[in-house]
Amino acid sequence: MKKILLIGILTTQYLFALISIAPVELGEKPGLSGKFEAGLETKRGNTDKDNYKASFRITYDNNSSYATWGEFSGEYGESNYVKDTNKAFSHIRFIHSLTDDENLRYELFGQLESDEFRRINSRILGGAGLRYRMFNSPKNGKGFFGLGGFYEDIEYTNPQIDPSEDNARLNSYLAYSISIADMSAFSYVLYYQPKMDDYADYVFSNQLELKLNIIKRLFLKFNVSWSEDSNPPVGVKTTDFTQTTTFLFNF
């Protein structure tokens, strides 16, 4: 099963990619659409630093009952010619109507990621859940609640110290998005993912995103994220904080 999921994600990760944390809505943008995001930091002199990040997303919305999207993103960095960042992420998701209630959907998803400096060689997961839109108005924005579960397989870079894991986790989230000033938008998402047999072992994350329209389809995006892993690999900190500024292009 693990090999099948890995092959499936690897063969689609260059076609499917996530950019925005704002939840995808059925019928919001019918047909095929995509986004590309990139950031570059270069310093020379007293500090020599390079950091590159890019992400690509494509979405298909049939404008009636389902939408599917996916993501591939990567980041690489060096400081004084010593590698300090090396991670990749891919995610695919299928959203489908469940009843005549337009607020209720079900979701199927798969994910593959690696992060050398969190000592994760590979983390593969697959899961399903329900998503309910709690409110929707032009003035107050949109709010969502999601609940489901997933199975994950984690292989660490040093298996003698950190043996591989097979876990079943609860997947719960709150998401909010609101449009501001024409095409600009603000979004927030919170995830809580405890192990189903041990709620003391959990992953908790927050992410804020502000997307400002510069001209036509070009945006400037500010992203802040904070996450906590209650049981990380040996030598890895329990919390991570990241702030990024990137350019985003819709097509």
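Visitor: Is Lys35 buried or exposed?
Guide: Buried means under 20% relative accessible area, exposed over 50%, partly exposed in between (1.4 Å probe, protein chains only). Lys35 has a relative accessible area of 14%, so Lys35 is buried. This is a predicted model: local features need pLDDT of at least 70, side-chain atom pairs count only at pLDDT 80 or more, and totals for chains, interfaces and linings use all residues. Residues are numbered from 1 along each chain as its sequence is written, and side-chain values use heavy atoms, leaving out hydrogens and water.

Visitor: In which strand is Lys35 found?
Guide: Strands (E, at least two residues) are DSSP runs, numbered from the N terminus. Lys35 belongs to strand β1, residues 31–43.

Visitor: Which residue stands opposite Lys35 in β12?
Guide: Two strands pair if DSSP finds at least two bridges between them. Asn250 in β12 faces Lys35. Four bridges join β1 to β12 (residues 239–250), and the two run antiparallel.

Visitor: How many bridges join β11 to β12?
Guide: There are 11, linking β11 (residues 218–229) to β12 in antiparallel fashion. Ser225 stands opposite Thr242 in β12.

Visitor: How far apart in space are Lys35 and Arg217?
Guide: C-alpha to C-alpha, 9.5 Å; in sequence they are 182 residues apart.

Visitor: What is the phi of Asn63?
Guide: Near 70°, a positive value in a residue other than glycine. Asn63 lies in the loop between β2 (49–61) and β3 (66–79). Its relative accessible area is 45%, so Asn63 is partly exposed.

Visitor: And where does Asn80 lie?
Guide: In the loop between β3 and β4 (82–97). Asn80 is not a glycine, yet has a positive phi of about 50°. Asn80 is partly exposed, at 44% relative accessible area.
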